[in-house]
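Biologist: Could you walk me through this one while I have it open? I would like to go over the strands, the helices and then the charged pairs.

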Amino acid sequence: MREEELIRLAEEMGFAAAAAVDTGDIVFQPSFRPLCAENVCGKYGVNYACPPDCGTVEEMAERVRRYRRGLVLQTMWDIEDPMDEAATKPAKRRHNRMTREFIKRAGVPGLMVGAGGCDLCPECAIVRGEPCRFPGEMFSCMSAYCIFVKKLCETCGMDYDCGPGVVAFFSMLCFDPEEEA
């Protein structure tokens, strides 16, 4: 599926915006990693897809750069306070479900980067010392990758700050475009 078709599919599925970017243009900011250790989301050390278990910033950047292109997906939500976890968590969960459904419909192999840490299981298997139940579907979030989302939005021509009472979430499918015939 060509990039234009992917963007059209994303828009048909209800994403507010979708745009393609070269993965070489994505800015990774290692200084963001300590923010994960603050554990605001509650997944630090208890989710395979999150720090410290997901890999170093360098390893995460390498995962993204194994692919030439990224399709950035945006949703917007009416949420008064972006720090209100009771409001943001369900929106992130819905965004990630939409992203997984998009990837399934698109049929394009690649790497999913989520809006929040992997939420495929009610409790990650890491808590019990067991292997991941869905290693092929597990995804890490933009924060775990230390992607500078504001700069990513600038590169893609998307709004990062959508105004008062609106919160935007972002995910990405990293892929290799079809070869031109």
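Biologist: How many bridges join S2 to S5, and do they run parallel or antiparallel?

Modeller: This is a predicted model, and in it S2 and S5 run antiparallel and are joined by ten bridges. One of the residue pairs to look for is Thr75, which stands opposite Phe169 in S5.

Biologist: And what joins S3 to S5?

Modeller: Strand S3, residues 111-114, is joined to S5 by three bridges, and these two strands also run antiparallel. Leu111 has Cys174 as its bridge partner in S5, while Met112 stands opposite Leu173 of S5.

Biologist: What is the strand order in the whole sheet?

Modeller: The order is S1-S2-S5-S3-S4, in an open sheet of five strands with mixed pairing. S1 and strand S4, residues 140-141, stand at the edges with a single partner strand each, so one side of each is left without a neighbour in the sheet.

Biologist: Then S5, is that strand mostly buried or exposed?

Modeller: Nine of the ten residues of S5 are buried, so the strand is largely enclosed by the rest of the structure.

Biologist: Which strands does H1 lie across?

Modeller: Helix H1, residues 3-12, lies across S1, S2 and S5, and runs at about 150° to S1. Helix H6, residues 149-156, packs on the sheet as well and touches S1, S2 and S5, with a direction that makes about 95° with that of S1.

Biologist: At what angle do H1 and H4 pack?

Modeller: H1 packs with helix H4, residues 85-106, at an angle of about 135°, and the two axes are 10 Å apart. That angle makes H1 oblique to H4, and the crossing in which H1 passes H4 is right-handed.

Biologist: What about Arg68, which residue does its side chain meet in a salt bridge?

Modeller: The side chain of Arg68 meets that of Asp176, at 3.5 Å from N to O. Arg68 is in the loop between helix H3 (57-65) and S2, and Asp176 is in the segment after strand S5 (166-175), so the pair ties together parts that are 108 residues apart in sequence. Arg68 is partly exposed at 43% relative accessibility, and Asp176 is partly exposed at 38%.

Biologist: One more, where does Arg128 come in?

Modeller: Arg128 forms a salt bridge with Glu123 through their side chains, at 3.4 Å from N to O. Arg128 counts as exposed at 58% relative accessibility, while Glu123, at 36%, counts as partly exposed.

How values were computed: Residues numbered from 1 in each chain as written. Predicted model: local features only at pLDDT ≥ 70, side-chain atom pairs only at ≥ 80, totals over all residues. Heavy atoms only, no water. Salt bridge = Lys/Arg side-chain N within 4 Å of Asp/Glu carboxyl O. Helix = DSSP H or I, 4+ residues; strand = E, 2+ residues; numbered from the N terminus. Buried < 20%, exposed > 50% of the residue type's maximum accessible area, 1.4 Å probe, protein only. Pairing = 2+ DSSP bridges. Contact = heavy atoms within 4.5 Å. Axes fitted to C-alpha atoms, helices over the stretch in contact; angles between N-to-C directions. Parallel < 35°, antiparallel > 145°, perpendicular 65-115°, else oblique. Left-handed = near helix turned anticlockwise from the far one by under 90°.
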